[in-house]
Structures are given as C-alpha cells and as structure tokens.
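Dear colleague,

I am passing on to you the structure shown below, together with a summary of what was found in it. Please read the summary with the sequence and the model in view.

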Amino acid sequence: MAYEEANYKVVKENKIYEIRKYSDRLVIETNSTQGNAFRKLFNYISGNNEQKEEIKMTVPVTQEIKNGNMTMQFYLPSKFNKDNAPKPSNAEIEILTIEGGYYAVIKYSGRSSDKNFLKNKEILEKELKKD
C-alpha cells in the first residue's frame with residue numbers, strides 16, 4: 001500500500017542520510033509524554049477529531065526535540081490546509097504549518113520510541129559533522 005508523502009527533492013544522498021528540500025507542509029503534532037504520541041496522532045487520523053473524519057496515513061512520521069520535549073508529527077494529506085483540516089478533539093494535538101527548507105533525513109526502522117529516535121539522531125549528527 002502506497003502512502004502519500006510530503007513533496008521534496010533530494011539534494012544530496014549517501015548510505016546514511018539524505019539532504020532534502022521540502023516545500024511548506026501541514027502537520028499534526030503532539031508531545032510524546034509517557035510515550036503515547038503515536039497513539040494520540042493515530043487516534044486523530046482514525047476519526048477522533050471534531051468532524052469525526054478519517055484521514056489517510058501519510059509518510060514520513062517525524063520526531064524532534066522542541067523546548068526540551070520530544071514531539072511527534074504526522075503530515076496531513078495535501079488536500080488539507082489550515083482552513084479545512086479537521087479540528088483536533090484532543091487539546092494536546094496541534095495543527096501546524098512546517099516551513100519549507102533543507103532537512104537532513106535518516107531512515108530507520110523499529111519502534112517509534114524516544115530511545116530509538118535519540119540513537120538515530122546521534123548517528124545523523126555524527127555523519128553530518130564528519131561530512
């Protein structure tokens with residue numbers, strides 16, 4: 001099954017990472033307190049939103065550290081914008097526009113845990129510094 005993916009252009013790639021140029025994109029975001037961020041975001045796209053609208057899963061799922069807290073983001077399909085995206089029922093979910101630009105990306109598998117994220121973040125940072 002193919003998932004919609006945010007538009008990007010690969011600027012550079014090697015065995016470890018890619019440098020991608022993304023356009024602006026819409027995401028839903030939440031903190032990963034108690035490791036339940038994926039579940040909160042999945043519930044939103046499963047219809048747990050004010051419009052009770054189911055939304056197709058997209059890729060990638062991203063994580064980052066913001067203000068010392070781990071956050072997770074799901075990209076919304078391209079048919080949505082700030083005006084027509086279903087409003088979250090959960091106050092811990094926010095709809096944001098991520099500004100386009102250049103991003104270093106590392107692909108990895110396994111659980112979407114903070115530990116797995118931090119391990120791969122370290123690998124990516126090490127490789128970027130080396131290059």
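What radius of gyration would a compact globule with 131 residues have, and what does the chain have? A compact globule with 131 residues would have a radius of gyration near 14 Å, and the chain has 15 Å, which agrees. Please bear in mind that the model is predicted.

Overall architecture

The C-alpha atoms fill a box of roughly 45 × 30 × 30 Å along the principal axes. The chain has 9 strands and 2 helices, and their order along the sequence is β-β-β-β-α-β-β-β-β-β-α. Of the contacts between residues at least 6 apart in sequence, 65% join residues at least 24 apart. Buried residues account for 37% of the 131 residues.

In soluble globular proteins, nonpolar side chains tend to be buried together. In this chain, the largest nonpolar core has 14 residues, and those with the most contacts inside it are Ile28, Tyr44, Leu76 and Ala85. Two or more residues of this core come from each of β4, α1 (37-45) and β7. The element that gives the most is α1, with 4 residues.

With its neighbours within four places in sequence left aside, Ile28 is in contact with Leu41, Tyr44 and Ile45, with Met72, Gln73, Phe74 and Leu76, and with Ile93, Glu94 and Ile95.

The largest pocket has a volume of about 950 Å³. It is lined by 32 residues, of which Val61, Thr62, Gln63, Val105 and Ile106 are the closest to its centre. The elements that give two or more residues to this lining are β3 (18-22), β6 (61-66), β7 (69-75), β9 (101-105) and α2 (114-130). The most is given by α2, with 6 residues. By class, the lining of the largest pocket holds 17 nonpolar, 8 charged and 7 polar residues.

For the second largest pocket, the volume is about 190 Å³. Its lining has 14 residues, and Ala6, Asn7, Arg25, Leu76 and Ser78 lie nearest its centre. Both β1 (4-5) and β4 (25-31) give two or more residues to the lining of this pocket. That lining is made up of 6 nonpolar, 4 polar and 4 charged residues.

With kind regards

Technical notes
Residues are numbered from 1 along each chain as its sequence is written. This is a predicted model: local features need pLDDT of at least 70, side-chain atom pairs count only at pLDDT 80 or more; totals for chains, interfaces and linings use all residues. Side-chain values use heavy atoms; hydrogens and water are left out. On a 1 Å grid over the protein atoms alone, a cavity is a set of points where a 1.4 Å probe fits but cannot get out, and a pocket is an open set with protein on both sides within 12 Å along at least five of seven lines; lining residues have an atom within 4 Å of a point. Grid points are joined across faces, edges and corners, and a volume is the space filled by probe spheres set on the points. Ala, Val, Leu, Ile, Met, Phe, Trp, Tyr, Cys and Pro count as nonpolar, Asp, Glu, Lys and Arg as charged, and the others, Gly among them, as polar. A nonpolar core is a set of buried Ala, Val, Leu, Ile, Met, Phe, Trp, Tyr and Cys residues joined through side-chain atoms within 4.5 Å. Buried means under 20% relative accessible area, exposed over 50%, partly exposed in between (1.4 Å probe, protein chains only). Contact means heavy atoms within 4.5 Å. The radius of gyration is taken over C-alpha atoms; the globule rule is 2.2 Å times the number of residues to the power 0.38.
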